[in-house]
Structure formats: structure tokens, C-alpha cells
Amino acid sequence: MPTKIATSSLPRGRDLLRDPRYNRGTAFTVAERSALGLQGLLPPAVQSIDQQLARAYEQYRAQPNDLARNTFLAALHDRNEVLYYRLLEEHLKEMLPVVYDPVVAQAIERYSHEYRRPNGVYFSIDDIEGVETAFRNYGLGPRDVDLIVATDAEEILGIGDWGTNGMGISIGKLAVYTAAAGIYPDRVIPVMLDVGTDRASLLNDPLYVGNRHGRVRGQRYDALIAAYIDCASRMFPHALLHFEDFGPSNARRILTEYRNKVRIFNDDMQGTGAITLAAVLAGMRVAGSRPREQRVVIFGAGTAGVGIADQIRVIMIRDGLSEQEATRRFWCVDKQGLLLDDMNDLRDFQTSYARPHSEVTGWTTNAQGHIDLAEVVAQVHPTIIVGTSTVGGAFTEPILRDMAKHVHRPMIFPLSNPTERIEAVPHDVITWTDGRGLVATGTPWDPVSYQGTEYAIGQANNALVYPGIGLGTIVSRASHVTDGMLLAAAEAIAGLVDVHQPGAGLLPAVPNLRATSATVAVAVANQAAQDGVAQAQLTDPMQAVHDAMWHADYPSLEVS
């Protein structure tokens with residue numbers, strides 16, 4: 001937002017009060033009210049943004065539950081954009097779960113019934129030819145957009161397919177980008193790719209606002225994705241294309257196909273991988289071990305789990321292993337047990353991590369004929385175990401005690417959410433490993449007291465990493481998001497914690513998100529230059545990042 005705006009360039013009267021970009025309500029001065037035709041349309045008092053903030057926070061706290069708080073914030077955003085983001089900035093730790101995970105899932109379920117006004121661009125599988133027209137109707141030019149977040153809402157936050165209701169994901173993600181990294185909110189576009197839904201309750205709901213047919217797949221789906229990526233990258237050549245909550249059958253192959261062609265980022269894979277990698281890097285500093293020495297069990301080999309494996313594999317290769325040798329350091333367990341190369345139901349992104357069947361001769365199988373997690377841990381003696389399964393309690397006491405018996409400082413990352421689906425709670429992990437377990441979780445937890453030591457529990461929250469990756473990519477004008485940039489982000493996060501303090505967490509605290517995002521952005525921008533993908537030459541990346549971070553405040557108005 002410009003630091004000064006001429007009043008002659010703004011809407012007037014009631015039209016101005018209805019425009020959330022420029023409306024500032026009671027903060028308009030007497031002179032501004034006269035120049036803008038607002039006399040008599042506002043109460044007499046002229047108030048500061050801090051006074052408005054106090055009132056808005058009081059109203060927020062008065063809401064009866066978190067879903068009502070989410071609805072209140074959405075309404076504030078539609079009324080006064082600057083005040084909305086200022087409220088988020090000031091109370092980010094408290095409000096992050098409300099504007100995004102986990103409360104946004106409830107808001108998505110209610111989206112069609114709570115619908116008030118459009119906020120973004122909706123593309124339909126039934127009108128692929130209209131993609132460019134829709135983008136043009138949004139009214140932004142080629143130099144006006146830094147970031148586009150798109151979803152097809154097939155796999156939302158553990159609640160699955162929610163069709164066009166999933167627009168809330170794109171909007172919520174962008175809110176975090178702005179509050180945590182200062183991405184200018186008028187330079188972003190939330191996008192919904194409506195390819196239908198297989199959720200019968202939506203198709204039978206007369207108030208559902210999306211396409212009323214089953215989810216389209218195959219050639220037509222790919223044509224919509226191609227049209228979207230082509231138009232977005234051509235019409236907004238500086239924009240980062242962020243993909244969110246796509247189903248596992250599409251997420252990885254889209255990223256693989258386009259990541260070397262356009263500026264694309266998938267948070268479910270790359271962001272989750274990077275924040276988990278940060279915890280691994282910190283954990284290795286505590287354990288005094290090297291990447292090439294790790295043995296990694298992934299429990300839940302979906303998009304997130306395999307994305308984490310991909311990121312950890314990068315540092316193994318950088319530590320001297322070949323790609324094949326690094327891949328053999330992973331054991332992936334999914335619903336069919338340990339993934340084996342002779343299984344006929346593997347997804348394309350799982351095949352490279354499948355173990356040779358000849359390797360498991362003599363291993364014990366369960367009643368279903370699968371090699372389960374307990375047997376894998378018993379045979380492999382992993383140094384790292386990652387849970388992205390949503391199977392609550394899967395990391396049992398016998399499994400973790402067996403792991404700790406063979407590894408002095410085991411890294412145990414139960415990342416599933418919501419809380420009831422976590423593979424093991426931190427107190428149990430600390431207790432069952434006699435205080436030696438290095439823990440990171442996907443949801444926030446209070447410190448754990450054990451034998452006189454307070455153990456901080458690091459939260460592997462993607463919000464620690466993706467806003468900074470986005471900001472660093474934008475500032476450097478990187479043509480691609482490279483593996484090096486993701487590793488630089490992870491290293492920056494890991495460097496923010498003092499792991500040598502007794503009981504220290506493996507990841508920084510969420511409340512310092514803006515400082516964390518700035519640190520990550522500088523590292524990403526520097527790495528983009530080193531990788532030869534930066535299109536902007538930055539003499540002072542730290543200053544460039546600082547200058548690019550928008551702060552929610554009303555710009556000066558020049559009365560004319």
C-alpha cells in the first residue's frame with residue numbers, strides 16, 4: 001500500500017465505507033471526512049487505529065467459540081482490511097489457529113451456508129476456456145501480483161474433499177502470509193479450482209455454491225491445471241504459484257511436472273518437508289550425528305510423509321550418499337504395511353521408496369499379511385520416526401522403548417493433527433525414552449516436566465517456514481523454488497534455537513513469526529542467488545526483505 005494517497009483518487013461517501021481496502025471508519029479525520037463526502041456518515045469521534053484495535057479485540061474475545069471468532073475476523077476483513085491485518089499481527093499466536101488450522105476446517109464445512117461475498121477467483125472445470133477471462137476480471141495487471149494461492153480442495157486438513165467450500169483454505173493461507181511475512185494483501189490472489197466434489201452431502205445441499213457434479217479427473221482435470229498455470233505465469237510473471245491441499249494422486253505429479261518450468265511451491269510437500277527437516281537438523285546437532293547416518297521410518301506415506309522423506313534425502317545426498325544409497329535409508333509404512341516393490345497398489349510417488357521384497361525374508365507379518373510399524377522398528381532400529389498417518393496412538397510404548405533401546409537420542413516426530421490423531425503425546429514420548437527422545441509435533445503442546453527438567457516441545461508448524469520461503473522468493477524474483485532454497489529455509493529455522501540448553505525445543509516458538517519469516521526470507525533470497533535462479537540483484541538482501549514487509553497501518557491521505 002502506498003505511504004501517501006490523494007483523496008481525489010479514492011471512492012467517496014458510502015462507496016468508500018464499503019471498500020475494505022481504503023475504509024478506515026472512525027479513523028478518518030475531520031478534514032478527510034469533508035474531502036471524501038463522509039460528513040454525517042460516521043459518529044463524531046475521530047479515533048486512532050490503536051483505539052479501533054482495542055475495540056476489535058474486545059469484540060473478538062466476546063465471540064462464543066472459535067468458529068464464531070473465525071466468522072468475526074472474516075467480516076472484519078470484508079469491512080476494514082488494514083484493521084484486520086493489524087489485529088492478526090498483534091495477536092498472531094492466539095489467532096493463527098482461528099484463521100487457519102484447525103478452525104478453518106470448521107469454517108470450510110460451513111462455507112456455503114455462511115457465504116456473504118466473493119473474495120478471489122473461482123475457476124470451473126466446466127469452463128476451462130474462461131480461465132484467462134476470470135483472471136482479467138479480477139482487475140490486476142502483470143506487475144501487480146506477487147503471490148497466488150490455489151487449491152482444488154480434495155484433501156483439506158484431514159477433513160477431505162470439500163469442493164468450492166475450500167476457497168477458505170486459499171484465503172486463510174494468504175492471511176498468514178500477510179500477518180507472518182508482510183506480503184502486501186493487495187498483491188495476492190486466492191484461487192479456487194472447482195473440479196466438482198465427491199462429497200454427497202454437498203451435492204445434495206441446495207445451498208452449496210460449487211459445481212454440482214462429481215470430482216473430474218484425468219485429461220479434463222489436467223487441462224484445467226495447465227490452463228491455470230499457463231495463464232497465471234503468463235499474466236502475472238513475477239507471482240509465486242502456491243498449491244495447497246491437492247489430493248495425493250495430483251499434488252506430487254503437478255509439482256514434478258511444473259517445478260522447473262514456473263515459479264511453483266507446494267506447501268503440503270515442500271513446506272512440511274522443510275519444517276520437519278529443520279527439526280532433523282537441530283536434532284542431529286543434539287545427537288552429534290550426520291545426515292548419512294540416519295535411518296528413517298515414515299509412518300503415513302502420503303503426500304506429506306513422502307515430501308518429508310524427499311527433503312531429508314537431499315541432505316543425505318549432500319553428505320556424500322548417492323541418490324540410490326540415500327533412498328535406501330528410508331522405510332515407509334502405510335495402510336498396507338511396509339511398502340514393498342512387488343505391491344500393485346503403490347502410488348507413483350511411493351515407488352522409489354519401496355523396499356525390495358527379498359530384503360524382508362523372515363520378517364514377521366501381522367494377521368493381514370502386512371509388515372507393521374512395530375516389526376519395522378524392531379528390524380531397522382531407526383534414528384528418526386516420523387508420523388503423518390493420523391492414526392492416534394500408533395507410536396506405542398513398546399515401539400518407542402524398542403527404538404530408544406538402540407538409539408541414544410532418537411528423533412520422534414508425531415506430526416498428525418488434530419490432537420486426537422497424534423501418534424503419541426509428548427509426555428509419553430519423553431517418559432518412554434527416559435528423557436532422551438527429541439520431539440517435534442504437528443500441534444502445540446505445553447512443556448513436559450520429567451525428572452527435574454522442563455522439555456520444550458517444538459511445533460513443526462508450516463507457518464514457521466512457508467511465509468519466509470514465499471517472501472524470499474518474491475524479493476529475489478527467483479524463477480524457480482530450488483531444493484537449495486528449501487534447505488536454506490530449514491537451516492535458517494534450525495539456527496534460531498539453542499539446542500544445547502537442557503530440554504530445549506528443536507524448533508523456535510510460533511509467536512516470533514515475523515522475525516522468523518524475515519530470517520528465512522533472507523536465507524532463501526541468498527540461496528536463490530547462489531543457485532542462479534534470482535532475477536533481482538540484491539546488494540543488501542536483509543534490507544530488501546525488511547523493505548518488502550508490509551505493516552498494517554493506515555497510509556497518509558493528502559486532502560485535495
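Arg215 is buried, at a relative accessible area of 7%; buried here means under 20% relative accessible area, exposed means over 50%, and partly exposed is in between (1.4 Å probe, protein chains only). Keep in mind that this is a predicted model, where local features need pLDDT of at least 70, side-chain atom pairs count only at pLDDT 80 or more, and totals for chains, interfaces and linings use all residues. Residues are numbered from 1 along each chain as its sequence is written, and side-chain values use heavy atoms, leaving out hydrogens and water.

So who does Arg215 pair up with? Its partner is Asp152, in a salt bridge of 3.7 Å, N to O (that is, a side-chain nitrogen of Lys or Arg within 4 Å of a carboxyl oxygen of Asp or Glu). Asp152 is buried too, with a relative accessible area of 1%. Asp152 sits in the loop between β3 (147-151) and α10 (167-181), and Arg215 in the loop between α11 (200-203) and α12 (219-235), so the pair ties together parts 63 residues apart in sequence. Helices (H or I, at least four residues) and strands (E, at least two) are DSSP runs, numbered from the N terminus.

Now hop over to helix α12, where Asp230 and Arg234 lie four residues apart, about one turn of the helix. Their closest N and O atoms are 3.1 Å apart, forming a salt bridge. Asp230 is partly exposed at 40% relative accessibility, and Arg234 is partly exposed at 41%.

Elsewhere, salt bridges that share partners link Asp50, Arg86, Glu90 and Asp553 into one network. Within it, Arg86 and Glu90 form a salt bridge at 3.4 Å between the closest N and O atoms.
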